[in-house]
Amino acid sequence: MTTEFNLIKKYFDRPTAHTDLGVGDDAALIQMSPGHQLAISTDMSVAGTHFLTDCPAFDIGWKSLAVNISDMAAMGANPKWATLSIALPNVDEVWLAEFSRGFFACADQFGVSLIGGDTTRGPLNISVQIMGEVPIGKALRRDGAKAGDEIWVSGILGEAALGLAELQNKLTQTLLSSAEKKTYIDALQKPEPRVALGLALRNIAHSAIDISDGLMADLGHILAQSHLGADVYWNKVPHVKVNSLDESTLQSLSLAGGDDYELCFTAPINQHAEILKIGEQLKLNLSCIGVTKQEMSVNIVDAHHQRIELKVKGYDHFS
């Protein structure tokens, strides 16, 4: 008979780093580095909401941890420890083997140790808590933006949203090659947290956030908490390009699609050259897309300085 503890031991009990006591006791014991703060974040992944029910188990395992590591990146924190709680409708050992393989592939790539968690029976639901370290006073926060800051984003926006549209068969009139489909679906299901970028921005950026609900929604959190407005220039946004999609659809995918897990950050204009140098060093596209302003309004304008109005500005679980 397969018991809860057998499942934990078989699929989730591994030697840990940075940890005095990990999986298998009532609590984990960790030792903080001198002069550092503990950064903590939690995300849930629910079947049918955060991932499609037929999504490969490996990808679910990878993404369930990756989205949490992305929160550490946005704080300029070094991710170190995670706990995993998972509700399973039944014991499917093939699925569990692939899920744990994906989870630990992500953990190994970013140096994260699984140090505890819980399992129970129920609708498929995955909850991960991530913990990391950041030097005291060096964390990147949402409330630190200053008027006149440049607004930057990493990567290409809209690929994950396009991948979701493809999986939901919403692109029936759009011709995508097999390679394009794989690129967009991978962007959705196997995001790459920008940890190295977050660490590099510690002494440069005034504020940062990871893009999970859509660029304009998440930039909006920085602006709200910093009591600022912004002008965003669509022609400078590094967005997905598909010839068969009209401009309005591309704007919706890239400005409000979500699931990008890129970083959006603000920095003083005198750091422009240094940020471009960071992008070159990391081999990562970094784009300056706008500027913050004292006036509490947010405008998106096209190449002709015409204002763009989005029907939806981002994803909201309760809208």
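Tutor: Start with a term: a nonpolar core is a set of buried Ala, Val, Leu, Ile, Met, Phe, Trp, Tyr and Cys residues joined through side-chain atoms within 4.5 Å. Buried means under 20% relative accessible area, exposed means over 50%, and partly exposed is in between, with a 1.4 Å probe and protein chains only. This is a predicted model, in which local features need pLDDT of at least 70 and side-chain atom pairs count only at pLDDT 80 or more, while totals for chains, interfaces and linings use all residues. Residues are numbered from 1 along each chain as its sequence is written, and side-chain values use heavy atoms, with hydrogens and water left out.

Student: How many helices and strands does the protein chain have?

Tutor: The protein chain has nine helices and twelve strands. Helices (H or I, at least four residues) and strands (E, at least two) are DSSP runs, numbered from the N terminus. Of its 319 residues, 50% count as buried.

Student: Which residues have the most contacts inside the largest nonpolar core?

Tutor: Leu65, Trp95, Phe99 and Phe265 do, in a core of 48 residues. At least two residues each come from several elements, including helix 2 (57-75), strand 4 (78-88), helix 3 (93-110) and strand 6 (125-135). Helix 2 gives the largest share of this core, nine residues.

Student: At what angle do the axes of helix 2 and helix 3 cross?

Tutor: The axes of helix 2 and helix 3 cross at roughly 35 degrees and come within 6 Å. Axes are lines fitted to C-alpha atoms, for helices over the stretch in contact, and angles run from 0 to 180 degrees between N-to-C directions. Among the residues making the contact are Gly61, Leu65 and Ile69 of helix 2, and Phe99, Phe103 and Cys106 of helix 3.

Student: New topic, helix 9. Which residues of helix 9 are buried?

Tutor: Ile275, Ile278 and Gly279 are buried in helix 9, which spans residues 272-282. Down the helix axis, the buried residues of helix 9 fall within an arc of 100 degrees, so they line one face of the helix. That arc is taken from the directions from the helix axis to the C-beta atoms. Ala273, Glu280 and Gln281 are exposed on the other side of helix 9.

Student: What covers the buried residues of helix 9?

Tutor: The cover includes strand 7 (150-154), helix 6 (195-200), strand 10 (263-267) and strand 11 (286-293).

Student: Strand 7, then. Is isoleucine 151 buried or exposed?

Tutor: Isoleucine 151, in strand 7, counts as buried because its relative accessibility is 0%. Leaving out residues up to four places away in sequence, isoleucine 151 touches Phe265 and Ile289, among others. Its C-alpha atom is separated by 8.1 Å from that of valine 232, 81 residues apart along the chain.

Student: And serine 254, buried or exposed?

Tutor: Serine 254 has 0% relative accessibility, so it counts as buried. Serine 254 is part of helix 8 (residues 247-256). A polar atom of the serine 254 side chain lies 3.2 Å from the backbone oxygen of leucine 157.

Student: Which way does phi go for most residues other than glycine?

Tutor: Most of them have a negative phi. Tyrosine 261, however, has a positive phi near 55 degrees. Tyrosine 261 sits in the loop between helix 8 and strand 10 and is buried because its relative accessibility is 10%.

Student: What about histidine 305?

Tutor: Histidine 305 also has a positive phi, about 65 degrees, though it is not a glycine. Its place is in the segment after strand 12 (298-301). At 67% relative accessibility, histidine 305 counts as exposed.

Technical notes:
Contact means heavy atoms within 4.5 Å. A polar contact is a pair of N or O atoms within 3.5 Å; within protein, one must be able to donate a hydrogen and the other to accept it, and residues adjacent in sequence count only if both atoms are side-chain atoms.
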